Amino acid sequence: MRKISSKDFGNALSQYFVIVWKELKTIFTDSGVLLILIIAGLGYPILYSTVYLNESVDEIPVGIIDESATSTSRSFASKIDATREICLVSCINMDEAIKKMKRREIHGIIVIPKTFNKDIEAGIQTTVSLYVNMATFFIYKNIALACNYVMLDENKNIQIKKLSAQGLTEQEALTSAEPLKNQMNILFNEGNGFASFFVPGVLVLIIHQLLFLGIGMVSGTRREENANKKLSQIENPLKKKVQRYILGQGTAYLLIYSIIGAYILILVPRIFGLPHFASAHNIYRLMLPFLLAVIFFSQTCAVFIRNRETGMVMFLFFSVILLFISGLTWPTSSFPTFWKLFSYIFPATFGVQGYIKLNCMGADFSVIRPEFIALWIQAIIYFVTACFSYRYINK
């Protein structure tokens with residue numbers, strides 16, 4: 001084994017810093033890459049957070065057709081109107097309600113039948129019909145929840161009146177009508193808002209995709225500029241030290257996104273009131289292997305990027321896939337085995353899961369140890385594959 005002299009170490013360190021400097025210079029002199037890595041990195045989180053700023057869908061206009069027109073039906077309708085989710089709009093008949101629904105003036109229709117009051121007094125089951133526009137799932141969910149809660153409460157009150165009339169005390173009647181009391185405790189998202197559920201995971205995906213696209217654009221540009229389609233003109237002394245080249249390039253992106261990433265994952269949630277339970281220290285601990293894994297993953301994929309536009313195509317192709325397989329919109333426990341294994345290819349999968357547990361659910365760092373270890377394993381594997389990728393392209 002050849003002994004490494006201080007001169008060799010100094011030369012290697014000097015070459016390393018030259019590579020870092022050249023990569024930073026390339027990034028900041030290429031307007032397209034600068035737009036993706038810096039401007040989009042600063043703007044995208046603000047855009048997504050602003051779009052979902054209102055969190056929940058409240059006071060949804062819903063048509064009400066009260067065919068009963070009695071004090072009982074009016075009381076029932078007023079309770080629905082008093083909910084946070086629904087704002088009732090009076091309609092004369094179904095034809096008028098359908099026209100309003102087609103014009104998007106209302107998003108649902110509630111029909112109280114003529115026999116509503118008579119059925120209740122006779123102790124006969126009555127039916128309140130609910131028609132909801134299913135085109136928007138959250139609107140449907142809020143309307144259905146509001147109506148169901150009011151109906152359950154009304155059923156309880158009717159039952160209490162009947163039992164009280166039979167001679168039971170108020171407390172006995174209440175216990176009989178509601179033997180099991182329902183107490184809902186919403187964890188980790190008290191406002192039941194869409195932004196608190198969706199945006200934190202998207203912030204991690206933004207980092208993943210912008211780094212992937214930025215590195216892809218740089219790699220594609222280099223191959224376009226070289227007639228032999230090589231990824232870079234690596235000097236002869238570095239041809240056998242390609243790992244130094246990979247580390248140098250990776251350091252340049254790491255330096256930039258250690259700042260941009262902190263802005264996205266630490267500052268943005270605080271600005272927009274999104275869940276932010278984790279300390280900056282713990283987020284940085286998670287962010288380091290995540291950024292390294294993403295950078296080396298992107299450098300590995302450079303073997304498939306032959307021009308500047310290819311990176312954009314791959315970016316668009318993977319964006320929707322990553323949204324689903326990250327476990328953000330559907331629990332990973334319900335994934336088929338193939339897609340669960342397929343999701344392990346991408347650093348975003350472990351990054352999203354780790355960040356949500358840490359920053360949104362207030363988990364201790366020991367809880368996200370599996371994701372933390374998985375990201376370090378990915379970083380090591382993709383560093384090795386990136387070295388092979390660069391050797392293959394530049395041989």
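**Strands, helices and ring contacts in a predicted model**

Q: Where is the place of Ala69?
A: In this predicted model, Ala69 has a positive phi of about 55° although it is not a glycine. Ala69 is partly exposed, its relative accessible area being 48%. The place of this residue is in the loop between E1 and H3.

Q: In which loop is Glu59 found?
A: The phi of Glu59 is near 50°, a positive value in a residue other than glycine. With a relative accessibility of 43%, Glu59 counts as partly exposed. Glu59 is found in the loop between H2 and E1.

Q: Is strand E3 largely enclosed by the rest of the structure or exposed?
A: Gly108, Ile110 and Ile112 point one way from E3, while Ile109 and Val111 point the other way. In a regular strand the side chains alternate between the two faces of the sheet. Residues on either side of E3 are buried. Because 5 of the 5 residues of the strand (residues 108–112) are buried, E3 is largely enclosed by the rest of the structure.

Q: Which residue of E4 is the bridge partner of Val111?
A: Strand E1 (residues 60–66) runs parallel to E3 and is joined to it by 4 bridges; Ile65 has Val111 as its bridge partner in E3. E3 also pairs with strand E4 (residues 129–132), in the antiparallel sense, over 4 bridges. In E4, the bridge partner of Val111 is Ser129.

Q: How far apart are the end C-alpha atoms of helix H6?
A: Helix H6 covers residues 137–165, which is 29 residues. At 1.5 Å a residue, H6 should span 42 Å.

Q: Which elements are included in what covers the buried residues of H6?
A: The buried residues of H6 include Ile139, Ile143, Cys147, Val150 and Leu163. Asn142 and Glu154 are also among them. What covers the buried residues of H6 includes helix H3 (71–81), strand E2 (86–90), helix H7 (170–177), E1, E3 and E4.

Q: How many disulfides does the structure hold?
A: A disulfide requires two cysteine sulfur atoms within 2.5 Å. For Cys87, which is partly exposed at 29% relative accessibility, the closest cysteine sulfur is that of Cys91, at 12 Å, too far for a bond. Cys387 is buried, with a relative accessible area of 10%, and the sulfur of Cys387 is 15 Å from the closest one, in Cys301, again too far for a bond. The number of disulfides in the structure is 0.

Q: In which helix do Tyr44 and Tyr48 both lie?
A: The count of aromatic pairs comes to 17. Tyr44 and Tyr48 form an edge-to-face pair, at 6.2 Å centre to centre with 80° between the planes. Tyr44 is partly exposed at a relative accessible area of 37%, and Tyr48 is partly exposed at 31%. The two residues are 4 residues apart, about one turn of the helix, and both lie in helix H2 (residues 31–51).

Q: Are Phe76 and Phe116 buried or exposed?
A: Phe76 and Phe116 form a tilted aromatic pair, with 5.5 Å centre to centre and 45° between the planes. The pair links distant parts of the chain, 40 residues apart, with Phe76 in helix H3 and Phe116 in helix H5 (residues 116–122). Phe76 and Phe116 are both buried.

Q: Over the face of which residue does Arg285 lie?
A: One aromatic cluster is formed by Phe212, Phe297, Phe338, Trp339, Phe342, Phe346 and Tyr382. Another ring has a charged residue over its face: Arg285 lies at 3.8 Å from the ring centre of Phe365.

Q: With which residues is Ser326 in contact, leaving aside its neighbours within four places in sequence?
A: Ser326 is found in the loop between helix H11 (308–325) and helix H12 (337–343). Ser326 counts as buried, because its relative accessibility is 1%, under the cut-off of 20%. Leaving aside neighbours within four places in sequence, the residues in contact with Ser326 are Thr332, Ala348, Thr349, Val352 and Gln353.

Definitions and conventions: Residues numbered from 1 in each chain as written. Predicted model: local features only at pLDDT ≥ 70, side-chain atom pairs only at ≥ 80, totals over all residues. Heavy atoms only, no water. Buried < 20%, exposed > 50% of the residue type's maximum accessible area, 1.4 Å probe, protein only. Pairing = 2+ DSSP bridges. Expected span 1.5 Å × (residues − 1). Contact = heavy atoms within 4.5 Å. Phe/Tyr/Trp six-rings, centres within 6.5 Å; stacked < 30°, edge-to-face > 60°. Lys NZ or Arg CZ within 6 Å of the ring centre and 35° of its normal.
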